[in-house]
Amino acid sequence: MEKNNRLSNLASCGDSESLERLIEYYKPLFKSIAKKYTRVKGELYNDIVQDCIVRFIELTNNYNSDLSVFGYYIKTNLERSIYKSIQDKYFATENALGSELYENIIDDDNIFEKINLYNAIATAVESLPDSQKIAIKLYYYVGICQEDAASYMHIKQSAFSRLLKRGVE
């Protein structure tokens, strides 16, 4: 533990070798965090591990040894940061999709028909049970594959496919 505190102090001062050793030491934590949000190793899992490394570097650079123990500081702040990042990406994608649909609607001659159709679809999706609603939003709005979406929801891909099918019906 004392070794990691020493390495963290060196890394926060710009020592790249110390930073690399810390990253290697904390890789199991990165993988553990990624595993919380994905059940299988895939593109989403790898993205979260990479995001952990980037945020770990940022946190290391901002670390103050007078205020906390490095391991506790990293674990709590990294998990919180990754959770917030996943939430932000999900809501940003959902909001971007909504504004993009409205922008495309405005440039068309059948504007009123499309607005009514968009509102009817949005209302129908919102009236679904939460699990079906999330499945539809992840697959159709966010655009991730069924395997990664199922992993995000902590269910099997076949169960995700059934949720999607029932939601669309």
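## Packing of α2 against α3

In this predicted model, helices α2 and α3 pack with their axes 8 Å apart and at an angle of about 135°. The two helices are therefore oblique to each other, since an angle has to exceed 145 degrees to count as roughly antiparallel. The crossing in which α2 passes α3 is right-handed.

On the α2 side, the contact is made by Leu19, Leu22, Ile23, Tyr26, Phe30, Lys31, Ile33, Ala34, Lys35 and Tyr37. The α3 side contributes Tyr45, Ile48, Val49, Cys52, Ile53, Phe56, Ile57 and Thr60. By residue class, this contact of α2 with α3 comprises 15 nonpolar residues, one polar residue and two charged residues.

## Aromatic pairs

Tyr26 counts as buried at 8% relative accessibility, and Phe70 counts as buried at 0%.

Phe70 also pairs with Phe56: the ring centres are 6.1 Å apart and the planes stand at 80°, so this pair is edge-to-face. Phe56 lies in helix α3 (residues 43-61) and Phe70 in helix α4, so the pair ties together parts that are 14 residues apart in sequence. Phe56, at 0% relative accessibility, counts as buried, because the limit for a buried residue is under 20%.

## The aromatic cluster

Tyr25, Tyr26, Phe30, Phe56 and Phe70 form one aromatic cluster. Among the members of this cluster, Tyr26 and Phe30 of α2 and Phe56 of α3 also take part in the contact of these two helices.

## Ser18 in helix α2

Helix α2 also contains Ser18. At 4% relative accessibility, Ser18 counts as buried. With residues up to four places away in sequence left out, Ser18 touches Leu7, Leu10 and Ala11.

Definitions and conventions: Residues are numbered from 1 along each chain as its sequence is written. This is a predicted model: local features need pLDDT of at least 70, side-chain atom pairs count only at pLDDT 80 or more; totals for chains, interfaces and linings use all residues. Side-chain values use heavy atoms; hydrogens and water are left out. Buried means under 20% relative accessible area, exposed over 50%, partly exposed in between (1.4 Å probe, protein chains only). Rings of Phe, Tyr and Trp (its six-membered ring) pair if their centres lie within 6.5 Å; planes under 30 degrees apart count as stacked, over 60 as edge-to-face and the rest as tilted. Helices (H or I, at least four residues) and strands (E, at least two) are DSSP runs, numbered from the N terminus. Axes are lines fitted to C-alpha atoms, for helices over the stretch in contact, and angles run from 0 to 180 degrees between N-to-C directions. Angles under 35 degrees count as roughly parallel, over 145 as roughly antiparallel, 65 to 115 as roughly perpendicular and the rest as oblique. A crossing is left-handed if the near helix is turned anticlockwise from the far one by less than a right angle, and right-handed if clockwise. Contact means heavy atoms within 4.5 Å. Ala, Val, Leu, Ile, Met, Phe, Trp, Tyr, Cys and Pro count as nonpolar, Asp, Glu, Lys and Arg as charged, and the others, Gly among them, as polar.
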